[in-house]
Amino acid sequence: MEKITESKLNPEKELKRNLCVHHEEKLLLFCKEDRKVICWLCERSQEHHGHHTFPAEEVVKECQEKLQAALERLRKEQQKAEKLEADIREERTSWKFQIQTERQRIWTEFDQLRNILDSEEQRELQELEGEEKRILDSLAEAEAELAQQNQLVKELISDLEHRCKWSTVDLLQDMSGIMKWSEIWTLKKPKTVSKRLKSVFHAPDLSTMLRTYRELTRVQCYWVDITLNPINLNLSLVLSEDQRKVMSVPIWPVKCTNYGILGSQYFSSGKHYWEIDVSQKTAWILGVYCRTRFRNIKFGVRQGTVHQNVYSRYRPQCGYWVIGLQNKFEYKAFEESSTSHPRVLTISMAVPPHRVGVFLDYDAGIVSFFNVTNHGSLIYKFSKCCFSHTAYPYFNPWNCPGPIILCPPRS
């Protein structure tokens, strides 16, 4: 702007700028080697001999085109930078909102827990007050009854002492019957009250419950969306259209010993978690299957004869890391064994699981099972699992009614 203003104010000076300082000729040429604007006499001088010269207008046009292209590119880059900046601002706002929402949810849920604790405290105290009232009322009634008997016996004693002073004739002619009554009267003892409270409050171990819940929430971070694989589906199994539900419908006269079905997803590294709804089942087997060099079971193949022990295949040596339910209430884990049959371990379950979580840590060789129904308590854990091939989620609805349902993430 200063240069433009100066040229407008000093046209003579601007005119001199367009003339060669040596020859006072118009500067119409551009020397490529020296990067200078020169006149036609400079071009023929020894200083610029053999140099490449071009008309200044052409070079200016080319420079302007390059400048324009550079400007357009930089403006686009500027637009990108502004968009990225706006995106980051929007992302910051979104994260602030998300964090604030989560903070509010934590406050709300802990307030609810405190309300539950306060409510339980009031309920326990009310029960204790009710028991206190019952006991004290019973003791007060016994005390009043004893006071009444004490008064009566005092009166009897007074009457007998008075009769001791009577004459022989009066004493012999006494027909009141008080003597007989005094001989048979005995103290009636009140009902005894137990010295122990009927119910003694025991606070639950909240620290253990919270630690268990934190463990569940930690593995739920690796929740994957699992579906069932319809390939080689057993003819006695029915798969839902969304491939999340499977149930057994035994229609064949020949008994089948393998109702197993794999998940469509498979894993060869990393951590993965999925949940299964078994609330309608009385028998099931769940876990992880990995093909081994010892045995390769084909899923869904109808067997002609029933194996002597249908659970013999379910052990780590054959590629199964699974737990199961039998006979409605018997929870089992199938461990490694030196014999041809698995070592079946009975699992104690305080709360029957309606929902089971399975966690696979492929690299660490861990398969864990969680009772989601009971605050995520650990059901069983396989450690040092040797996965030689790809691992698959394994499901077996067994030959009982009711479906196995795969739960979508965070459901």
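Let's start at a strand pairing: Glu275 stands opposite Cys407 in strand β16. This is a predicted model, where local features need pLDDT of at least 70, side-chain atom pairs count only at pLDDT 80 or more, and totals for chains, interfaces and linings use all residues. Residues are numbered from 1 along each chain as its sequence is written, and side-chain values use heavy atoms, with hydrogens and water left out.

**Strand β7 and its partners**

- Strand β7 covers residues 271-277, and 3 bridges join β7 to β16 (residues 404-407), the two running antiparallel.
- In the β12 pairing, His272 sits opposite Leu360.
- β7 is mostly covered, with 5 of its 7 residues buried; buried means under 20% relative accessible area, exposed means over 50%, and partly exposed is in between (1.4 Å probe, protein chains only).

**The chain as a whole**

- You'll find 7 helices and 16 strands here; helices (H or I, at least four residues) and strands (E, at least two) are DSSP runs, numbered from the N terminus.
- The chain has 411 residues, and 29% of them count as buried.
- Its accessible surface comes to about 28,900 Å², with 55% of that belonging to carbon and sulfur atoms; areas come from the Shrake-Rupley method with a 1.4 Å probe, and for residues only the protein chains shown count as cover.
- Take the contacts (heavy atoms within 4.5 Å) between residues at least 6 apart in sequence: 62% join residues at least 24 apart.

**Coiled-coil annotation**

- UniProt, in an unreviewed entry, places the feature "coiled-coil region" at residues 60-94 and 125-159; UniProt positions follow the numbering used here, feature names are shortened, and annotations may be inferred rather than shown by experiment.
- In the model, residues 60-94 are 100% helix and 0% strand, with the end C-alpha atoms 50 Å apart.
- Residues 125-159 are also 100% helix and 0% strand, and their end C-alpha atoms lie 50 Å apart.

**Salt bridges**

- The count is 14 salt bridges, each being a side-chain nitrogen of Lys or Arg within 4 Å of a carboxyl oxygen of Asp or Glu.
- Lys83 bridges to Asp87, with the closest N and O atoms 3.1 Å apart; the two are 4 residues apart in helix α4, so about one helical turn separates them.
- Lys83 counts as exposed because its relative accessibility is 53%, while Asp87 is partly exposed at 31%.
- Arg105 and Glu109 meet in a salt bridge of 2.7 Å, N to O, and they too lie in α4, 4 residues or about one turn apart.
- Arg105 has a relative accessible area of 39%, so it is partly exposed; Glu109 at 35% is partly exposed as well.
- Arg123 pairs with Glu124, the closest N and O atoms being 3.3 Å apart, and salt bridges that share partners tie Glu120, Arg123, Glu124 and Glu127 into one network.

**A nonpolar patch**

- Ile106, Trp107, Phe110, Leu113 and Ile116 make a nonpolar surface patch of about 480 Å².
- Patches are built from residues with over 30% relative accessible area and no salt bridge, joining like charges within 9 Å and nonpolar side chains (Val, Leu, Ile, Met, Phe, Trp, Tyr) within 5 Å.
- Ile106 is in helix α4, which spans residues 56-163, and counts as partly exposed because its relative accessibility is 38%.

Terms used: Two strands pair if DSSP finds at least two bridges between them.
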